[in-house]
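Here's a quick tour for anyone meeting this structure for the first time. Have a look at the sequence and the model, then read on.

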Amino acid sequence: MTHQTVGHDGVDLRRLCSGRDARPDPSCPVEVTLAALRGRWTALVIGAVARGPHSFSDLAHALPTLSDKVLTDRLVQLAAAGVVARHRTPSWPPRVTYTLTERGRDLLPVLRALWDWGAAEAG
């Protein structure tokens with residue numbers, strides 16, 4: 001039996017993703033992905049944005065139990081991670097829309113894999 005951090009193809013994630021002192025390396029691709037997905041509601045916000053360009057109020061309406069503060073925090077986090085793009089249209093009042101970037105669209109199969117893994121565990 002292999003250790004859980006060793007993949008089926010023999011990749012030792014401990015060696016790939018730790019720094020010199022055996023702590024997680026923030027530049028490790030796994031850590032980068034997990035950082036982009038951190039926090040409750042993140043996957044649902046990505047799912048809502050994936051349905052097309054949406055304003056903040058569209059997203060708030062799509063996720064009615066999510067507070068405006070948390071939605072704002074998640075959108076800022078996802079924009080900083082390059083997952084979501086924020087487009088501001090100069091008008092009065094200013095209109096802001098959110099879309100998935102190419103990097104964000106590349107994350108959708110990862111979220112699907114997480115769903116599948118969790119569904120197998122729950123079922």
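## The hairpin

Let's start with strand 2 and strand 3, which form a hairpin with 5 residues between them. Helices (H or I, at least four residues) and strands (E, at least two) are DSSP runs here, numbered from the N terminus. Look for Thr 89, whose bridge partner in strand 3 is Arg 95, and for His 87, which is partnered with Thr 97 of strand 3.

A word on what you're viewing: this is a predicted model, where local features need pLDDT of at least 70 and side-chain atom pairs count only at pLDDT 80 or more, while totals for chains, interfaces and linings use all residues. Residues are numbered from 1 along each chain as its sequence is written, and side-chain values use heavy atoms, with hydrogens and water left out.

Zoom out, and 3 strands form an open sheet in the order 1-3-2, with antiparallel pairing. (Two strands pair if DSSP finds at least two bridges between them.) Strand 1 (54-55) and strand 2 (84-89) each have a single partner strand, so they stand at the edges, and one side of each lacks a neighbour in the sheet.

Strand 1 is held to strand 3 (residues 95-100) by 2 bridges, and this pair runs antiparallel. His 54 sits opposite Tyr 98 in strand 3, and Ser 55 has Thr 97 as its bridge partner there. Strand 3 is mostly covered, with 5 of its 6 residues buried; buried means under 20% relative accessible area (1.4 Å probe, protein chains only).

## The nonpolar core

How many residues does the largest nonpolar core have? It has 19, and Val 45, Ile 46, Val 49, Leu 59, Leu 75, Val 83 and Val 84 are those with the most contacts inside it. Such a core is a set of buried Ala, Val, Leu, Ile, Met, Phe, Trp, Tyr and Cys residues joined through side-chain atoms within 4.5 Å. Helix 3 (42-50), helix 5 (68-80), strand 3 and helix 6 (102-122) are the elements giving two or more residues to this core, and helix 3 gives the most, with 4 residues.

How values were computed. Buried < 20%, exposed > 50% of the residue type's maximum accessible area, 1.4 Å probe, protein only.
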